[in-house]
Amino acid sequence: MKNIWIAVVACLGFSSLSEALACTGLLVGKKASTDGSVMISYAADSYSLYGELYRWPTAVWPAGATLEIKEWDTGKPLGRIAQVRETYAVVGNMNEHQVAITESTFGGRPELVDTTGIMDYGSLIYVALQRSKTAREAIKIMTDLVAEYGYYSSGESFSIADKNEAWIMEMIGKGVGNKGAVWVAIRIPDDCISAHANQSRIQQIPFDDKENCVYSPDVVSFAREKGYFKGKDKDFSFTKAYCPYDFSGLRACEARVWSFFNKYNKDMGKYIELAKGDVNAEPMPLYIKPDRKLSVSDVQNMMRDHYEGTELDMTKDAGAGPFKAPIRFRPLSYKVDGQSYVNERPIATPQSGFVIVPQLRNWLPDAIGGILWFAVDDANTSVFTPLYCSINASPECYRQGNGSMMEFSWTSAFWVRNWVANMVYYRYNQMIGDVRKVQSELEGKYQALLPAIDKAAQELYASDPKEAVKFLTWYSTTTADESVERWKRLGEFLIVKYSDGVVRKEKEGRFLDNGYGLGAFPDSPGYSEEFYKEIVKSAGERLKVK
């Protein structure tokens with residue numbers, strides 16, 4: 001779809017595993033990170049989402065100005081709201097004041113969707129980013145907007161962060177004829193990590209902790225009125241009232257949260273039955289303390305997760321094919337002899353339009369402190385490039401109009417990443433090492449250069465903030481565009497090395513010859529013994545040597 005500024009197609013969760021459950025968000029408090037930054041992440045997953053980056057510039061509006069609101073999923077006009085006097089610059093899902101907001105849709109009770117509301121979840125995000133300087137201010141703006149204009153979308157989880165704090169807010173409408181929404185927002189402790197992935201996660205609400213929890217005044221009474229809850233306030237669970245567990249909400253959604261928690265806390269194994277879909281299992285906490293602090297690279301790599309090393313590891317069954325691919329093409333569920341089965345739905349998925357890791361740093365000026373680590377397509381086979389939140393132009397490779405879902409472009413990061421990814425999917429365990437090598441080369445270089453870029457920008461900022469922004473724009477755009485050229489060379493290398501089922505010999509990226517000016521004779525690795533056994537099991541007599 002096309003929107004005026006940022007094309008972010010909705011990430012919808014569904015109650016049926018046959019649909020594409022989408023969007024994962026991770027959160028890291030500043031004392032849980034290695035450098036003191038606040039981090040969140042977001043995988044914008046949709047087969048109709050083209051990976052592009054756009055921005056809102058700062059603007060001053062005349063008195064009486066209004067803003068048209070269009071549904072983010074479809075572009076359908078929903079109404080108009082009053083515009084504020086000044087709006088802030090936004091790059092992707094981060095604004096110039098280091099406020100970042102992302103989402104995942106949990107849906108919840110369908111009767112609570114208000115089709116007469118004006119504010120859909122996508123508009124809430126991007127209007128709030130244009131108007132807020134802190135996470136707390138963003139929460140108030142979002143909740144005031146739905147109270148005044150009504151909430152159009154289904155149930156939603158939001159990550160809302162600034163350079164000091166990270167919050168999760170969950171919101172659901174109240175149905176046609178009952179304007180507004182019920183909601184609760186809880187601050188993630190600084191030394192903790194959290195996540196959400198298309199399943200409501202807030203259970204009990206700490207009503208007395210006014211510093212770290214805010215909520216709509218009718219969040220409990222409305223549930224009682226609708227018959228969703230009976231009991232004392234202290235026993236109220238937002239999840240149980242507004243988005244009760246079912247198998248798909250756990251196996252395809254909450255399991256992604258479990259995988260993140262399990263990676264960084266040795267005690268999370270006890271929740272494996274919940275992750276596997278047991279609705280009677282003990283719920284996981286909203287947040288946990290990690291066993292060690294997380295770096296930006298840790299969060300980026302978590303967005304590449306396929307449950308590796310766990311009971312849900314996607315490389316361990318026949319669905320992985322002969323090359324052990326952790327990829328399962330849609331649909332997510334299927335039947336064999338009348339029995340229903342599922343494919344796992346991990347954090348990393350082929351249909352991502354873009355994946356981001358906003359990094360928010362309070363020890364630097366906002367123009368320098370906020371970095372949007374941006375990747376397009378499947379994070380597992382892509383690379384994150386740094387975009388400072390103050391940049392005033394988009395890289396060519398992420399520019400709107402450079403290709404589309406229906407038009408390939410060799411200068412589009414989205415299509416070049418897709419080109420490489422779709423080679424790798426079919427020879428996965430042979431090719432993925434070559435991809436990891438280039439990922440590490442590029443992302444390692446960006447991390448190593450970061451202190452020098454920050455320092456140079458600070459020196460410029462002290463005398464001329466505009467020159468600092470100009471410098472950061474040059475660095476961000478140049479780095480992104482150069483990454484696409486490097487990825488093209490990776491694709492060319494993979495085609496030569498792995499064409500026609502063989503593996504050509506190479507050393508340090510250079511192909512070897514046979515000593516007479518011709519290519520060295522390639523290896524033919526064939527398939528694994530395990531896969532040959534499966535072939536014999538299904539067609540042994542026909543293939544037997546006699």
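**View 1. Contacts and overall dimensions of the predicted model.** Of the contacts (heavy atoms within 4.5 Å) in the protein with a separation of 6 or more, 71% are between residues 24 or more positions apart. This is a predicted model, in which local features need pLDDT of at least 70 and side-chain atom pairs count only at pLDDT 80 or more, whereas totals for chains, interfaces and linings use all residues. Residues are numbered from 1 along each chain as its sequence is written, and side-chain values use heavy atoms, with hydrogens and water left out. The C-alpha atoms fill a box of roughly 80 × 65 × 45 Å along the principal axes, and buried residues (under 20% relative accessible area, 1.4 Å probe, protein chains only) make up 57% of the 546 residues.

View 2. In strand S11 (residues 100–107), 8 of the 8 residues are buried, so the strand is largely enclosed by the rest of the structure; strands are DSSP runs of E of at least two residues, and helices runs of H or I of at least four, both numbered from the N terminus. In a regular strand the side chains alternate between the two faces of the sheet. Ala100, Thr102, Ser104 and Phe106 lie buried on one side of S11, and Ile101, Glu103, Thr105 and Gly107 are buried on the other. S11 runs antiparallel to strand S12 (residues 155–161), to which 7 bridges join it (pairing requires at least two DSSP bridges), and Gly107 stands opposite Gly155 in S12.

How values were computed:
Buried means under 20% relative accessible area, exposed over 50%, partly exposed in between (1.4 Å probe, protein chains only).
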